[in-house]
Amino acid sequence: EGWKVYGCIAIGLTCGICIGQVTEYFTSYSYWPVKSITEAGVTGPATVIIQGLGVGMISCVAPVLILFVTILSCNELAGDYGISIAAVGMLSTLGVTLATDAYGPIADNAGGIAEMAELDERVRETTDALDALGNTTAATGKGFAIGSAVLAALSLLAAFKEKVNLDTVDIGDPIVLSGLLFGAMLPFLFAALTMLSVQKAAGAIIVEVRRQFATIPGLREGTAEPDCNKCVEIATQSSVEEMVLPGLYAVMSPLTIGFLIGPRALVGMLTGAIASGMMLAIMMANAGGAWDNSKKYIELEGACGGKGTAIHKACVVGDTVGDPFKDTSGPSLNILINLMSVIALTIAPALEDVDDWELWYYGLIPIGVTIAGTILVYNLYWKNGQDITGNVGDSGLTKKKTYEDSALIESDTDGTIDTPLLASDYNSE
């Protein structure tokens, strides 16, 4: 019996290593997937986005097959306990995984410091190379995290079923299927809220930067210092405010389904959340890393004409989309999956031997809290949000009287096209 458990540990460790290798293939510019994104930049940013999404989606296949084999093998060896032990085996390399996760941000920040300190170009080239490797190591760490989160969530789900005395769950049952569909939707809602939060925070920082250019004398000429603290304040404040709704929905969803309908629907919800959350997390993490390194491939290797070309600019757009994919929405889904599983297990004693709809009146409480929280957050943080499309004053830009696709193109004083703003922000002259 002990050898079977040891086998589960070895299988889990092997599973993590294999997922890491697959992640490296899809996110390193040494291989075809990232190179294909760079080559797609020949026809513009749109095809870079399309290719990156395709690469991210196809990158889900191998990790799913690896987890598929792992779960079945460990279940055959030691049942639900074997699956739990496989998660432990995968996390036995936690020290190395954490080190690789930390490596990426350190290299990235080193590059930022080199640029702000105006060091030699060769220093920036070195930090860029380290940053490109950091994108791959970070994606590998996220692959480990996603795989272990799925195995841990399956173990928590099995514990929940045992606690509420559910031996079998019929997936064709309308109650279970309804919960499954609801759970499969939650990762998309969670990812959408975090993506929208990034857009709001980034837009507010851009408006602040433009305001400083317009109001601080000498800033455009490089003779004055910007107010960096204001941008940091916007980012940190947004990070707290924008997490209220995702956190609220993650906590209240298991409570609502569990008490309003019953444990069978909650099992379905957790199953759907685990399945769709894993796919979405892998897709977003790998697509984001691939977009980032498609830009690095041009900058470091001089591919497709090197920096400053139209292809490079197209890949920069892809990188801008990829950052919230790989750094915000993707990693947050692991937390969502495990948090909902832990909450379900926490309320399991209250749902023991409970039939469907038996405690529906208790389910009205989390529904009311969710509605009240949504209204409160909307009125506090969303309703009067900063208008990022408005004119922030004369920042040294001269208006060009040319309309193109209902947008008025703004040109810099040297005549180069800078930023399109809405035509409604200006009076027609």
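Biologist: What should I know before reading the values?

Modeller: The model is predicted: local features need pLDDT of at least 70, side-chain atom pairs count only at pLDDT 80 or more, and totals for chains, interfaces and linings use all residues. Residues are numbered from 1 along each chain as its sequence is written, and side-chain values use heavy atoms, with hydrogens and water left out.

Biologist: How many aromatic pairs does the structure hold?

Modeller: A pair of aromatic rings is described by the distance of the centres and the angle of the planes. Rings of Phe, Tyr and Trp (its six-membered ring) pair if their centres lie within 6.5 Å; planes under 30 degrees apart are stacked, over 60 edge-to-face, the rest tilted. The structure holds 8 such pairs. One of them is W3 with Y6, edge-to-face at 5.9 Å and 85 degrees.

Biologist: Where do W3 and Y6 lie?

Modeller: An α-helix has 3.6 residues a turn, so residues three or four places apart point the same way. Helices are DSSP runs (H or I, at least four residues), numbered from the N terminus. W3 and Y6 are both in helix α1 (residues 2–27), 3 residues apart, about one turn.

Biologist: Are W3 and Y6 buried or exposed?

Modeller: Buried means under 20% relative accessible area, exposed over 50%, partly exposed in between (1.4 Å probe, protein chains only). W3 is exposed at 74%. Y6 is exposed at 54%. Now take W360 and Y361: their ring centres are 5.8 Å apart and their planes at 75 degrees, so this pair is edge-to-face. W360 is partly exposed at 44%, and Y361 is partly exposed at 42%. Ring pairs link F259, W360, Y361 and Y362 into a cluster.

Biologist: Which charged end sits over the ring of W382?

Modeller: The test is NZ of Lys or CZ of Arg within 6 Å of the ring centre and within 35 degrees of the ring normal. K200 sits over W382, 4.2 Å from the ring centre. R220 sits over F213, at 5.8 Å.

Biologist: Where is the kink in α11 centred?

Modeller: A bend is the angle between axes fitted to the seven residues ending at a residue and the seven starting there. In α11 the kink is about 35 degrees, centred on F325.

Biologist: How many disulfides does the search find?

Modeller: A disulfide needs two cysteine sulfur atoms within 2.5 Å. The search of the whole structure finds 0. The sulfur of C18 is 7.1 Å from its closest cysteine sulfur, in C15, too far for a bond. C18 is partly exposed at 32%, whereas C60 is buried at 10%.

Note on methods
Helix = DSSP H or I, 4+ residues; strand = E, 2+ residues; numbered from the N terminus.
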